Amino acid sequence: MGSGSEDGRMNKQVFMIDLASCTGCYTCMVACKDRLNLQDDINVLKVDEEESGNYPDIKVVYRPQHCFHCEKPACTEACPVDAISKESDGFVKIDEEECIGCGECVEACPFDAIYFSDDDLPIKCDGCADEVGLGWKPVCVRSCPMRALDYLPLEEVNMQNRIQDTDFDDKGIGPRIVYLIRKE
Amino acid sequence: MKLHKNNIKKIPFTCTLDCGGRCELVAWVRDGKVIRIDSPPGKPDNDHKPRLIPCLRGRGQRRLMNSRERLLKPIKRSGARGSNDFTEIDWDEALDEVAEKLRYYKEQYGSEAVLHITGYGSLGGRGFSGLSASNRFFSFWGGVTDTCGNTSSWCAGIASDWMLGDVWGSIYCPDLLNSRLIILWGMNPAENRHGVNLAYFISRARDKGAKVILIDPRYTDSGILADQWIPIKPGTDVALISAIANVWENEGLTDMDFMNTYTTGYKAYRKYVLGHDDGVPKTPEWAERITKIPAETIIQLAREYISTKPAILLPGLGPQRTMYGEQTERAYITLACMSGNMGLRGGGFAHDGIEPRGRVGLGNLPYGNYRPTRRIRSENWGKFLLDGSLDPSVRMAYVVASNAINRSSDTLSNAKALEAMEFVVVQDQYFTPTAKYADIVFPICNDLERSDLVSGGGNVFYNKKAVDPLGETKTDYWVFSRLAEQLGFGYEYTHNRTQEEWVEFFLNAEKLDDDRLKQEGVIRGEIIPEMTLAGFLKDPVSNSLRTKSGLIQITCPQAEENGLPEIPVYIENKPEFPDDYPLHMVTPHSKLRANSSGHANLWLQNIEPHRIWINPADAEQRGIEDNELLEVYNQFGKMLIPARITKRIMPGVVCIYQGTWFNIDESGVDVGGCANVLTGHHSTPTGGMAVHSEWVQVRRMAE
C-alpha cells in the first residue's frame, strides 16, 4: 500500500484484476461513478462481458477496464498542448486548465479509456490518486465484493491458482495492468 | 472531487433494501448534502469477520436519492387512476383527508373494508419505516384486511416446517472452505445476496480445490464461479433429483445409516424412485426426457455427488417459485439426507451463507391489540379483489412501502383492482406505477434522511440521520403519528417520543456500547452459529425435531390435507396453451435492483438495458436479431422489449428480469418490460408464488 516514490522513480505498482473471481456485478463501476460524480451515460471504468464457447460448454468473462496509467502513455504523446502528464505517483493526469478539448487523446488511446464528458472535456480514470496518496486503495479495488481487484507492487500479486491472461494485448505501451485467469 | 477533509462528515449506515445481505456503508456529507457513498475503508477482512462490502445497489443510492421519480410533496389525484395527473397539496390537507376516510370506512362498513398492503421497501429497523410502521398503526386502529404469504420463500418455508420442524438450512460461510463439492441449484449468489459473503467464500472454496456445479436454466453470473453448467428445464428439478436418487439406490450408494437413524418415511420414497409403486423407474433416461439433461450427465452428477465429501447442496429460491415448489424443496432435503453429508462441516444443505451472530436482541416499538381479520395472498391480491370472493368487500386500499401492482403476479389485474377501489392511499419514496393509482400519495424520506437501529445478518447497525429529508418528505413514523393523533391513539403509537428519542431509548435499554456503535455504525456479532441440525444430529432423541415423529419427515402428514403427495414426487406442470405460448419464461431478480426498488436509479438502469434473454435457436426460428424490439405475450398481457440473443440460456426458455416499472401505452401494451404483466394469478398448492411457471410467445415487432 501507499504510493509516491521516496526517490522520485516512477511507481511500480500495478492494477490487478482477477477475471476468475470477477462476477460482473458492476459495483466497481458504480463506486467509481459515485466518486467522480459522473453523468448517467458516462463511465470511465467499464465492464465488458465476453461470451465464448458452444452451448452448453460456454464461458463468460467479465473484464473491467479503465485507464491503466501506462508506462509510455499514448495520450501524453498525442496531446498537442502537453496537458497530460505521467506524475511521480505513477498516475497519468489530465490537467483540466491546460486542456483545449481537441479530443486527440480520446483518439490516441488504444484501450479506449478516455471519454468525452458533457462539457466536452476528456475524462478518464485518475487512479484515485488523491486517495492512494492518503494510503487507501483506489475505490474500485476496495469496493469489490469478490475482492477481485487490487493495486499493488507487481511482485506481490498472488499467483496461486492463477496465470496471467495472455489474451490481453498490451499494445506495447506498458499498461500497468495484470489480468489473472484460473490456472487449469 | 477534492477531499476537503475538514468540512466533510462521514456517517456510517446500512441500507434497508429487500436483500439477503445487510452491508456497511458510509455517507459523505458536506453542507447538508450527500456527496458520496462509500464502504468504510480500513476495516479488517478476515474469515471470522469478513468485510460487509455493499453491492452496486447500496453504493448507487446517491443517484437514487436524487432521482426525478422521488416524491417530494403530498399529491392528490386529479385525473384518471393510473395517469400522471396529480396536484401538490400540503400535509395538513392530505392527512385530514386520509384520516377522514379511515374514520368513514370504519364507521360505515367496518375496519375490514380497508385493505392494507405492505411490502419490503424498508426492512430491519425498529418500526419507524415500511411494513413495521404500518402494521403497528393498524394494530391500534382496527382489524383490517391484510395480505399474507411470503413471495420470496414460501415453499422453502413449507418444506423446512414439514420436514425439519421449522429448521432453516444455513451454512456458516468459512465452513465452505471445507467443502469438496458445491452444488448451486438455481442459486445465484453472484447476482443476489443470500448472505453478504456467500459468493466470495464459494470462490475461495473453489481455489482450495472444491468443484462447483451450477444447475440452472441460465448461465447466471454465478456460472463464472462454477466448473460445470448443467442447464435444466424450469420446474423439473424434482425429476433430476428423483433420477439421482434412482442411481444411488440402484448402486447401493444411499447413506442408509443416516436414513434409518434420522429420518422416517424413506421406504415410500425408495419405492417411488425405483418405480416399485407406479411401474416407472425414475431413471436418468426417464429424467432426460423431462429435464432436457442428457442421461449421461445425470449419471455422472449422481456419482460425483455421492462420492465427494463434504458436498453441500445450495438451492436458491428460484426453483421453488414454480408450481409444486413444495415438492422441489422437499426433494432437496431428501437428497441431501441420502447423500451422507448432513453434519459434515462444509456439507449438507443450506439456503444461505451466514456470519457470526450477535447476542443483542433489540427491542421493537410496541404493537396494539388489533389483528387483521382477513388475509389475502400477497402474490395475487388483485384476483381476490376482482373475483368478488371477499364479502364484505374491500373499499379502501392503503399501500405502504410496496410497489404492489408491479411486484405481484398479473399486473394488469392488479391495476384493475386498484382502479375499482373507492379510495386509495399510497405511501412511498418514489412515484411508482402503484402510486399512479392512488388518490392521495404521501412522500416518504429515504434511509439517509432518518435515524434508525437496524438489525441484520447477526449485526446491529446504527443509522444516524445523515441529511435532512428532501423536499417535504417525512418518515412513515411521522405520517402514522399524525394520523394516530387525529384518530385518537396518538400516545399509544408514539409514547410521546420522536424517532430520535426512541432510538436513544433502545440503545439504553439494551446497554449497547453507545460510543462504539455510534462511531463505527455497527456492532458485529461474535457468536459462531451452530451447524444446521447440529443438536439433532448429535442426539436425535433428546434434541428431537418439532415434527410428528421427532425425526426428519420424508413422508409428510401435512401433505395430504394440502393436496400434495406424501413424498416429494415429481409432478408435471403442463402449460395451459402449449401451442400458443410455447416458450417457458423465467423472471429472476436482477443485480441492478432489489425487486423494483432501484429501478428509478438511472446509473443502474443504464448499466444493462432491459432485454429478454433468448437462445440463438429460438431467435433464429423467429428471424429475430439481437437488440430487435419484440412483442412478448400470453393470456395475461403483452409487452414490448428488445431481444438479447445469448447462449447463456437454454433453448425453449426465455428470461425477463423482474422489477422494471410497468408502463402501459394507449393500446394497453406494457412498454416498461414489467415481468408481472405476463405472470398469472395461480399459486402453488399451499399458496406459494409460481412466477417461474409461465409460458409466452415471442415475435418480431415488424410483423
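A:Arg182 is buried, at 14% relative accessible area (buried means under 20%, exposed over 50% and partly exposed in between, with a 1.4 Å probe and protein chains only). The model is predicted: local features need pLDDT of at least 70, side-chain atom pairs need pLDDT 80 or more, and totals for chains, interfaces and linings use all residues. Residues are numbered from 1 along each chain as its sequence is written, chains are lettered from A and ligands numbered from 1 in the order written, and side-chain values use heavy atoms, without hydrogens and water.

What does A:Arg182 pair with in a salt bridge? The partner is B:Asp207, at 3.0 Å from N to O (a salt bridge is a side-chain nitrogen of Lys or Arg within 4 Å of a carboxyl oxygen of Asp or Glu). A:Arg182 sits in strand 10 (residues 177-182) of chain A and B:Asp207 in helix 6 of chain B, so this pair joins two chains (helices, H or I, have at least four residues and strands, E, at least two; both are DSSP runs numbered from the N terminus). B:Asp207 itself is partly exposed, at 25%. B:Asp207 also forms a salt bridge with A:Arg162, with the closest N and O atoms 2.8 Å apart.

Now step back to the interface. On the side of chain B, 51 residues are in contact with 43 residues of chain A (contact means heavy atoms within 4.5 Å). Together the two chains bury about 3,900 Å², of which 52% is on carbon and sulfur atoms (buried area is the accessible area, 1.4 Å probe, that two parts lose on being put together, summed over both). B:Ile224, B:Trp603 and B:Lys647 supply 17% of the area that chain B buries here, more than any other three residues.

The rule finds 10 salt bridges across it. Several elements of chain B each supply at least two residues to the side that touches chain A, among them strand 3 (33-38), helix 1 (56-59) and helix 22 (602-605). Helix 6 of chain B gives the largest share of that side, 5 residues. One network of salt bridges links A:Arg35, A:Asp126, A:Asp130, A:Glu131 and A:Arg142 with B:Arg36, B:Asp38 and B:Arg59.

Over all chains, the salt bridges number 55. Some lie within chain B. B:Glu526 pairs with B:Lys49, at 2.8 Å between the closest N and O atoms. B:Glu526 is in the loop between strand 22 (522-523) and helix 20 (534-538), and B:Lys49 is in the loop between strand 3 and helix 1, so the pair ties together parts that are 477 residues apart in sequence. B:Glu526 is partly exposed at 46%, and B:Lys49 is partly exposed at 22%. Another pair is B:Glu631 with B:Lys638, at 3.7 Å. Here B:Glu631 is buried at 13%, while B:Lys638 is partly exposed at 27%.

B:Tyr104 and B:Tyr109 are edge-to-face, 6.3 Å centre to centre with 85° between the planes. B:Tyr104 is partly exposed, at 34%. B:Phe505 and B:Phe506 are also edge-to-face, at 5.6 Å and 70°. B:Phe505 is partly exposed at 35%, but B:Phe506 is buried at 3%. Elsewhere, ring pairs build a cluster that includes B:Phe128, B:Trp141, B:Tyr398 and B:Tyr493.

Definitions and conventions: Rings of Phe, Tyr and Trp (its six-membered ring) pair if their centres lie within 6.5 Å; planes under 30 degrees apart count as stacked, over 60 as edge-to-face and the rest as tilted.
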